[in-house]
Amino acid sequence: MARIISEMLDKREIQKYLEGVVDPDLEWMLADIHAGPEEWVTTVDNGISINEDDSERCLLKYELWDGPPPLLASWDRTWTGSVVLTSGKVVAVSGYSGGTSYGAVFDLGRRDTIWNVAINRKSLGHDEFTPDIVSFTLLKLTFWPTTA
């Protein structure tokens with residue numbers, strides 16, 4: 001049975017106009033990839049582009065598991081894939097009006113590793129305050145090694 005090794009809610013700030021998550025040593029990687037309108041998530045070595053154009057703000061939670069995590073069926077959307085991370089760390093990158101901001105760094109503890117990753121998304125809304133009005137999204141990024 002898989003278990004959580006570590007987790008972190010990105011407490012630095014809510015990411016406004018999230019572009020994706022990258023290896024902090026190679027942040028320029030996001031400039032080379034963009035998830036298109038038909039794609040929600042796109043990856044390259046050291047970078048995960050997340051298309052959140054419909055959401056102005058995102059709050060990220062990172063989890064590190066020792067094996068595949070359980071399915072989160074109650075979330076709006078899920079993507080699963082893999083990504084190589086040279087430093088073994090990730091950071092969220094947001095861009096707005098020509099500026100760039102960064103979230104807190106999450107350390108996965110292993111350099112030069114191919115990581116499995118699941119990204120779960122939930123758009124917040126309540127009654128007549130629909131998700132497109134609230135424009136706030138929760139993202140849970142769960143990582144586990146390709147060999148447990």
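Modeller: A nonpolar core is a set of buried Ala, Val, Leu, Ile, Met, Phe, Trp, Tyr and Cys residues joined through side-chain atoms within 4.5 Å, where buried means under 20% relative accessible area, exposed means over 50%, and partly exposed lies in between (1.4 Å probe, protein chains only). The model is predicted, so local features need pLDDT of at least 70 and side-chain atom pairs count only at pLDDT 80 or more, whereas totals for chains, interfaces and linings use all residues. Residues are numbered from 1 along each chain as its sequence is written, and side-chain values use heavy atoms, with hydrogens and water left out.

Biologist: Where in the protein is confidence lowest, and where is it highest?

Modeller: The quantity to read is pLDDT, the predictor's confidence in each residue, from 0 to 100. Where pLDDT is low, the predicted coordinates should not be read in detail. Here the protein averages 85, and 88% of the residues score at least 70. Confidence is lowest in helix H1 (residues 131–134), at a mean of 60, and highest in strand S10 (residues 106–107), at 96. Helices (H or I, at least four residues) and strands (E, at least two) are DSSP runs, numbered from the N terminus.

Biologist: How many residues has the largest nonpolar core, and which have the most contacts inside it?

Modeller: In soluble globular proteins, nonpolar side chains tend to be buried together. In this model the largest nonpolar core has 23 residues, and those with the most contacts inside it are Ile-50, Leu-60, Tyr-62, Ile-119, Leu-139, Leu-141 and Phe-143. Strands S3 (18–22), S5 (47–50), S6, S7 (77–85), S8, S11 and S12 each supply at least two residues of this core, and S6 gives the most, with four residues. Apart from this core lies another, of five residues, among them Val-22, Leu-30, Val-91 and Val-93.

Biologist: What does Leu-60 touch, beyond residues up to four places away in sequence?

Modeller: Contact means heavy atoms within 4.5 Å. Leu-60 has its place in strand S6 and counts as buried because its relative accessibility is 1%. With residues up to four places away in sequence not counted, Leu-60 touches Met-8, Leu-9, Asp-10, Gln-15, Leu-18, Val-21, Ala-92, Leu-139 and Leu-141. Leu-60 and Met-8 are 52 residues apart in sequence, yet 8.6 Å apart in space, C-alpha to C-alpha.

Biologist: In which sense does S12 pair with S6, and over how many bridges?

Modeller: Two strands pair if DSSP finds at least two bridges between them. Strand S6 (residues 57–65) and S12 pair in the parallel sense over eight bridges, with Lys-61 standing opposite Lys-140 in S12. S11 and S12, by contrast, run antiparallel and are joined by nine bridges, and Ser-123 stands opposite Thr-137 in S12. Strand S12 (residues 136–145) is mostly covered, for nine of its ten residues are buried.

Biologist: Is Asn-120 buried or exposed?

Modeller: Asn-120, found in strand S11 (residues 113–123), counts as buried because its relative accessibility is 4%. The side chains of Asn-120 and Thr-78 are joined by a polar contact of 2.8 Å; such a contact is a pair of N or O atoms within 3.5 Å, where within protein one must be able to donate a hydrogen and the other to accept it, and residues adjacent in sequence count only if both atoms are side-chain atoms.

Biologist: How many aromatic pairs does a search of the whole structure find?

Modeller: A pair of aromatic rings is described by the distance of the centres and the angle of the planes. Rings of Phe, Tyr and Trp (its six-membered ring) pair if their centres lie within 6.5 Å; planes under 30 degrees apart count as stacked, over 60 as edge-to-face and the rest as tilted. The search finds one aromatic pair, formed by Tyr-62 and Phe-106, which is stacked at 5.3 Å centre to centre with 10° between the planes. Because Tyr-62 lies in strand S6 and Phe-106 in strand S10, the pair ties together parts that are 44 residues apart in sequence. Tyr-62 counts as buried at 0% relative accessibility, and Phe-106 is buried with a relative accessible area of 4%.

Biologist: What is the phi of Asn-46?

Modeller: Asn-46 has a positive phi of about 75° although it is not a glycine; Asn-46 lies in the loop between strand S4 (41–44) and S5 and counts as buried at 6% relative accessibility. Asp-112, in the loop between S10 and S11, has a positive phi near 50°, but Asp-112 is exposed, with a relative accessible area of 56%.
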